[in-house]
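Here are my notes on the model you sent. They are set out as numbered points, to be read alongside the structure.

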Amino acid sequence: ALNNIKVNLVDSNGWSSFYIACGHGNTSIVKLFLEDPKIDIMLSNRENWSPFMEAAFKGNTEVIKMILCVCEWRRVDSHQKSTQEAWEIKEGSNVFD
C-alpha cells in the first residue's frame with residue numbers, strides 16, 4: 001500500500017513516479033499506484049505527455065491495458081467498487097473487446 005506517500009509528486013520535468021513506472025513497463029509498481037484512489041492517472045509532464053502516452057511510446061502494452069481498465073472502471077462505476085475488483089474482472093477479460 002502507498003499510505004502516506006504523495007503519489008502525484010513530480011520532479012522538475014513534471015515526471016511522477018507513476019509516469020516513470022509506466023515508461024519502464026514496471027507492472028507491479030503501476031498496479032500499486034493504480035490501486036491508490038489519489039493517483040492522477042493523466043497527470044502530464046512539462047511536455048504534456050501523460051503516463052499513458054509514455055507507456056504507449058515505449059511499447060508497454062500491459063501497462064496500457066492496466067490504465068485503460070482502471071480508467072474505464074472508474075468512469076463506469078464512479079468509485080462504487082474497489083480497484084481490486086477491477087483487476088479481478090480484467091484477469092478474465094480482454095480490455096480491448
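**Notes on the helices and aromatic pairs**

1. Trp49 is partly exposed, with a relative accessible area of 27%. Its value falls between the cut-offs of under 20% for buried and over 50% for exposed. Please keep in mind that this is a predicted model.

2. Trp49 has a ring partner in Phe57: the ring centres lie 5.3 Å apart and the planes stand at 90 degrees, so the pair is edge-to-face. The angle is past the cut-off of over 60 degrees that this label needs. Phe57 itself is exposed, at a relative accessible area of 60%.

3. Glu54 deserves a separate point. This residue lies in helix H3, residues 51-58, and is buried, with a relative accessible area of 9%. Which residues does Glu54 touch, leaving aside those up to four places away in sequence? They are Tyr19, Gly23 and Trp49. Of these, Tyr19 and Gly23 are among the buried residues of H1. The side chain of Glu54 is also joined to that of Lys58 by a polar contact of 2.9 Å.

4. H1 covers residues 17-24 and H2 residues 27-34; their axes come within 8 Å and cross at roughly 145 degrees. The crossing of H1 past H2 is left-handed. On the H1 side the contact is made by Ser17, Phe18, Ala21 and Cys22, and on the H2 side by Ile29, Val30, Phe33 and Leu34. Sorted by class, this contact has 7 nonpolar residues, 1 polar residue and no charged ones.

5. Burial in H1 takes in Phe18, Tyr19, Ala21, Cys22 and Gly23. Of these, Phe18, Ala21 and Cys22 also take part in the contact with H2. Just after H1, Gly25 has a positive phi of about 70 degrees.

6. The count of aromatic pairs comes to 3. One of them is formed by Phe18 and Phe33, whose ring centres are 5.9 Å apart with planes at 65 degrees, so this pair is edge-to-face. Because Phe18 lies in helix H1 and Phe33 in helix H2, the pair ties together parts that are 15 residues apart in sequence.

Technical notes
Residues numbered from 1 in each chain as written. Predicted model: local features only at pLDDT ≥ 70, side-chain atom pairs only at ≥ 80, totals over all residues. Heavy atoms only, no water. Axes fitted to C-alpha atoms, helices over the stretch in contact; angles between N-to-C directions. Helix = DSSP H or I, 4+ residues; strand = E, 2+ residues; numbered from the N terminus. Left-handed = near helix turned anticlockwise from the far one by under 90°. Contact = heavy atoms within 4.5 Å. Nonpolar A, V, L, I, M, F, W, Y, C, P; charged D, E, K, R; others polar. Buried < 20%, exposed > 50% of the residue type's maximum accessible area, 1.4 Å probe, protein only. Phe/Tyr/Trp six-rings, centres within 6.5 Å; stacked < 30°, edge-to-face > 60°. Polar contact = N/O pair within 3.5 Å; in protein donor to acceptor, adjacent residues only side chain to side chain.
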